[in-house]
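The following account leads through a protein model, from individual residues to the whole. Please keep the sequence and the coordinates in view while reading.

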Amino acid sequence: MTNRLLIDDANELSGLRHIFEFLPKAINPSRHIEKIVLTVRDYARKQVMREVLDFCRPEIIKLDFFTDENICELIKTCYGITNRVFKDRIVNLANGNARLAMLAGKLATQTQDISSIMNASDLYDAYYDKQIRKLISSETGLISGGIIAFVQAIHLDFTDAIEPVFNNTGITKAQFESDLHFFHEAELVDLCNDKAARISDQSFRNFLIKYVFVDKKLISLSLMIETCFTINQASTISACNILMNVFLDSAVQSYVISQIELVWDKLEGNESSFAPFFKAFHMVRPTQTLILLKSQIEEMPAEPFDVQSLQMERKEPSANIADYIIEMLCDFQNHTDLPTAIDLLLLYYAKRPSKFESFYAALASNLGINTESIQYNYYTQVTVVNHLCEALNTFPNDINLIILFVHTAGYYLKFDFSSIKAGRGNAISFYHLTLRADDAVLAYRKELWKKLYEIYARGYARTEIENILFTYPQTYAKEADANIIKCDLKLILQFFSLLDRENLYHCIIAQNIKKTINLVNCDDVGVLASFLENDKFQIYWALQQNDEEMFASGHEKGIQLHKARVKQLVQHYNGRDVDFMWGICQECSELFGTQDHSIYNGIGYAFDIFRENKILYMHAVESYIKHNTPFNWSPYAIIGRLFDFASPVSIKCIIEKYTFLQQNTWLWCFYSQMPEHLLSSRWATELLDYLEHPDNTLAFSPFRKIEELEKYNVVDPLFIFNAICTVLNHFDEAPFVSKLYFGSLLNPTSRASSDLLIERFGANLVILEELYLKVTITSSHEDYDGMLLFSITNADPSFLVTYLNEASKYSTMQWRSIDVFGDRLSYLWRTDDYAIYANTVFEFLCSASNDKVACWECRVAFTESFKSEQMQSELLEKQNGWIAYSIDRYHTDKVRISILFSLIRELPVKRRKWAIEYFLSLNDDPEIFEVLSLEPSSFGGTGSLIPAIQQRIDFLSSLLPSVSGLKYLRQKNYIEKKIEEIRRELYEQEIRELLEAWNN
């Protein structure tokens, strides 16, 4: 029979130790307890842990409050509540308290009325009656409870800051602290080390603030706001927001506003005190706020700025506004004074157009579509659009205003929006919103399209407006409301009366709109036909990869269909037709950039067809170069075929006839792809001259395999080495181009291929060594695992020190590069001579210890080599063997043993402890022991730091048995002092984390 025991609130059980006596197997198995589960609140955790650790090391499971997602899942499972409005309200009421969520969920289900849970007073009154009675049992309990609820957390050494509240209520500091201890025992407040107190139940905090400051009015709310705002603005604002938003009681809200206004009136004459208060509570007096902001804006001198000078692409607005005036005006969303706020916002923009990004973010993000838009019938968005249109009617030629309108319109005309809402603590919730065809939505979209058409017709912002048309939903339109699209299309089609059917981009816009029309079965009344029948567009359409066709028919079938379209297009082409087609491709490349590969494959299919006709193929290649090789189709494939049709001289003439961006790459392909039977001393000489003059302006190119030039050794046996040296000579002036040649050479695929490379260089190994140092020191992509490094070192043992010297010179190495440095060194553990190599690295560190920068980087890299592998037993055995050998060798050498332990300090606890204990078995000199690095150089984790600090204490405590006895007294004292230092650190950290919401 299995015996298990659950003890709730274990700290309340006085005889807890007696229970543990049953953990070891007893003579009578029926009295044996296999498992005990204890629950304990965080404030009593250490007390219970001390008792438990006398018997065993427990498994600790930390339980947090329910997350907002947990609460939503709970009420969905228990009550079937899925409506977002109900869910948000219950989550707001519960604040992670599952019982309150259940009560609110039950009430909402019974009434089916959101108003039943809008005011939380009745729920809280019933739920927290017991806690209130506990507070009342102390004469000053309610006042002390109100104070700690308002500030949420407080350090008891800093209570002098709230002395005015103590004086006003007749409570002393001693009474307040006594009450906190009483609350702690009653599990109403968490008290840490008698120094920090925090009310952890957010819902109880909500209730207590209302009960003390509003219902009973035991403490002046205005005094509390004034006193605490100067100490902790966040907690003061939080407390006021609780009263305004959690209870949603008009009487409560009116009282809170009146109290804030009292403080407002008192501080208004003191600019330094009033400014932060005004920013925090400006919505209490919206009219006065607007007056003050209007005055500030009007007093600003205008700063002329051309918004068109900004490098702007259509993108999501920034979330960071960083301008308090704009932020305050945005707080008027869904407010009756929003129209005035929008007018002020536009007035401010006229004065400060250089802040375009912030104004765009305000209109698009802060005042754009969010979770409240439907609830308010899109009042904010309609107001923004109307006032922007009115401003444009007043200032029709204001280009800065036009640009702001167009960007905002582009954002408002989307169909899908993402919204982020802050949750409890650091939690945030992401919402995805899809528009519906509500009357308000259709109305503001209609106004936007009409104004965009008017702006476009007058010749303004044409590029930006065309971009809006180009990106109008095609693929994703199925997810949008078809009625919205149909209404939009009536207005969009009007633009084609202004667009040019001879303009390829306009034709592509027409194609995109046609896709949307087909999705919603709308009639385009033929206005798009002339655009889609244009010769330029027909070429583009044939060359373009049709993703929808590929998806519908499958990848292979889609490729076949694409090839068939291209063949039908070009099979009867002559030279003039080819020139026209490349002109279209060049136009597309300039429109969409070389990274858009929609017609990339089509170009390749066209070349495949042209190659059947020698004369046409030669012309097609020359014309392609003349048009700047749009989309950069592979020159390897093109030039490889050219050698079947023309002499090397003719081919080189074609490549050099015109200047184009990829000319350097094409010349490389020419030399590297030249068939062996055509090689000669002439081409070898010209190739070296080509390598002697790298293109420093080259920003894009495929990798180039320098080893492809080995075939030139038939002309000159040392050619490949001369080529490598030539590239290396220009490495510093053209590093990008130089590195292109060596990627595959410096990344051998196996140890055998690495050794073969060493063999190929033979007497010219010094060239490979120089190449390796030049490239790998500043790059993490070559020889990332260190295989080649140790192949070279095997052939030239001195090279490892040379590499360490060069690598350590780069004091600006990025962390990623240091990681690769370590990964390369880690390969030494896979070699047969690992001990020799490890000793070499170690001696280098010892000799370089005076150069702190060089030593640090190499030390970090070598340390990484111990832990970069997911250790196989063989490698682990090698490392442990070398560590033991080094401890044996250097246990009396204070400098070297210190460096050794600085390397292995990052090892896992078990290995680190073994190394320390092994040293102690060889050396009992306390002075040398005290220079050893016993702990890792850093520690941390996610969330609380307390577990990480406790692990440090646990590790050092585990060393104490190894320093027992007379000869280790000083070592024991040294460890105990370190433990005591860390315990003090833990003490402070516990207080700090409890007071994380408190700003001293």
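Helices (H or I, at least four residues) and strands (E, at least two) are DSSP runs, numbered from the N terminus. Lys451 counts as buried, because its relative accessibility is 6%; here buried means under 20% relative accessible area, exposed over 50%, and partly exposed in between, with a 1.4 Å probe and protein chains only. Between the C-alpha atoms of Lys451 and Leu876, which are 425 residues apart along the chain, the separation is 72 Å.

Some conventions apply throughout. This is a predicted model, in which local features need pLDDT of at least 70 and side-chain atom pairs count only at pLDDT 80 or more, whereas totals for chains, interfaces and linings use all residues. Residues are numbered from 1 along each chain as its sequence is written, and side-chain values use heavy atoms, with hydrogens and water left out.

The next region is that of helix H8. Helix H8 (residues 141-151) is largely enclosed by the rest of the structure, because 11 of its 11 residues are buried. Among them are Leu142, Ile143, Ile147, Ile148, Phe150 and Val151, and the buried set also includes Gly141, Gly145 and Gly146. Gln152 follows H8 and has a positive phi, near 70 degrees. Further along, Thr159 occupies the loop between strand S3 (153-155) and helix H9 (163-169). Although placed in a loop, Thr159 is buried, with a relative accessible area of 0%. Apart from neighbours within four places in sequence, Thr159 touches Ile154, Phe166, Lys173, Phe176 and Glu177.

Trp264 is part of helix H14, residues 250-267. The relative accessible area of Trp264 is 0%, so this residue is buried. What surrounds Trp264, leaving aside its neighbours within four places in sequence? The contacts are with Phe274, Phe277, Phe278, Phe281, His282, Arg285, Gln288 and Thr289. Trp264 and Thr802 are 538 residues apart along the chain, and their C-alpha atoms are separated by 71 Å.

Backbone geometry deserves attention at two loop positions. Most residues other than glycine have a negative phi. Tyr378, which is not a glycine, has a positive phi of about 60 degrees. Tyr378 sits in the loop between helix H19 (356-366) and helix H20 (379-394), and it is buried, with a relative accessible area of 2%. Asn632, also not a glycine, has a positive phi of about 50 degrees; its place is in the loop between helix H32 (614-626) and helix H33 (635-642).

How do helices H27 and H29 pack? Helix H27 (residues 535-543) and helix H29 (residues 555-570) meet at an angle of about 145 degrees, and their axes are 8 Å apart. Axes are lines fitted to C-alpha atoms, for helices over the stretch in contact, and angles run from 0 to 180 degrees between N-to-C directions. H27 contributes Ile539, Trp541, Ala542 and Leu543 to the contact, while H29 contributes His562, Arg565, Val566 and Leu569. By class, the residues of this contact comprise 6 nonpolar, 1 polar and 1 charged, where Ala, Val, Leu, Ile, Met, Phe, Trp, Tyr, Cys and Pro count as nonpolar, Asp, Glu, Lys and Arg as charged, and the others, Gly among them, as polar.

Helix H51 (residues 969-994) contains Ile979. With 4% relative accessibility, Ile979 counts as buried. Ile979 and Gln950 are 29 residues apart in sequence, and their C-alpha atoms lie 9.9 Å apart in space.

It remains to consider the protein as a whole. The protein holds 51 helices and 7 strands, and its C-alpha atoms fill a box of roughly 105 × 90 × 65 Å along the principal axes. Of its 1000 residues, 48% are buried. Among contacts between residues at least 6 apart in sequence, 73% join residues at least 24 apart.

Conventions. Contact = heavy atoms within 4.5 Å.
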